Amino acid sequence: MTRVPLACLVAATVIVGTAAPASQAYRMPEGASSVDSAAKGSVEAVQGPATTTAGQPSEEITAPAPSAVAPIHGASRRWGGKVIMIDPGHQLGNATHPRQVNRLVNAGGFRKACNSTGTATNSGFPEATFTWRVARALKRQLRARGATVRMTRSTNSYDDWGPCIDVRGRAGNRVNADVMISLHGDGASAGTRGFFVIRPSNRAGWTSDIYRSSARYAHEVKSGLVRAGARVSSSYGGDGFDVRGDLGTLNWSDVPAVMVELGNMRNARDARHMMSPHYRKHRYARGLRLGIGGFLFNR
Ligand SMILES: [Zn+2]
């Protein structure tokens, strides 16, 4: 599709089949099993991001353990036992690992680049860092309510890359998550602003099991973000939704999954919001949490 935000969701190109060396072993999401139970054809070996620690500073996860967070009265009974998989989008170091990131993977019955670099604001604030910070804020809010939260990457570092879209897509399946949410920032023309929610189309053998639940989930996420004060995108039809069949992150999921483009990083006002810790916490993260809760509890 030509209306894809190029800088964000697709970049892709070069084929490189070289396996990552042992020193770049994929760091499994917290609590993840090494066994992949996906029943979607042959599952490729996991080849993930480098996790070296030297060089550029990385933002390690600092969210406190659930027991260290003040419990929110009454919430733990609802959220307790719920497992949320957060995909904080592109790794910061994707841009410095083109060979690894351009490797083609199975994106849902077709081949596509492992990942892309993501976009940035005009001032250079990277999409990877934006989504990482929203993901951590969302994680804190969910854990404070008693939910179990897993993430597809555990660093935001120029030294790391990936994981690939197929690994992201299967991440929720691995931990039997109740939902998966993938966070992104758009890189559309400067005149476009606002968020939109991408849900999977119905692809036989891939998303036929989750497209209905994901559609309801998408509506709840949109509602949550609107309730929190975020603005719906004027593009993509203006209803805040897009439906895609070409995204490995959604195609591989066996649990309800959506991808959210939280704002347009090239738009000056969106960029200000996306760089604001207050807006990230009270609009984006809170809105996403309301949306996830809406889907899990408003039945
Ligand atoms: Zn993106």
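This is a predicted model: local features need pLDDT of at least 70, side-chain atom pairs count only at pLDDT 80 or more; totals for chains, interfaces and linings use all residues.
Good morning. Among contacts between residues at least 6 apart in the sequence of this chain, 85% join residues at least 24 apart. The chain has 8 helices and 8 strands, and of its 299 residues, 53% count as buried.

The largest nonpolar core holds 61 residues. Which of them touch the most other members? They are Ile84, Val134, Val179, Ile181, Val258, Val260 and Leu288. Helix α3, residues 127-144, gives this core its largest share, namely 8 residues.

I would now ask you to look at Ile181. Setting aside neighbours within four places in sequence, Ile181 is in contact with Ile86, Asp87, Val258, Val260, Leu288 and Ile292.

Next, strand β8, which spans residues 257-264. How many of its 8 residues are buried? The count is 8 of 8, and the strand is accordingly described as mostly covered.

What does β8 pair with? One partner is strand β5, residues 179-186, which is joined to β8 in the parallel sense over 6 bridges. Within β8, Asn264 is the residue that stands opposite Asp186. Another partner is strand β6, residues 196-200; here the two strands run antiparallel, with 3 bridges between them. Val260 of β8 is the bridge partner of Val197.

Definitions and conventions: Residues are numbered from 1 along each chain as its sequence is written. Helices (H or I, at least four residues) and strands (E, at least two) are DSSP runs, numbered from the N terminus. A residue is buried if 20 or more other C-beta atoms lie within 10 Å of its own, exposed if 12 or fewer, and partly exposed in between; C-beta atoms are placed from the backbone. Two residues are in contact if their C-beta atoms, placed from the backbone, lie within 7 Å. A nonpolar core is a set of buried Ala, Val, Leu, Ile, Met, Phe, Trp, Tyr and Cys residues joined through C-beta atoms within 7 Å. Two strands pair if DSSP finds at least two bridges between them.
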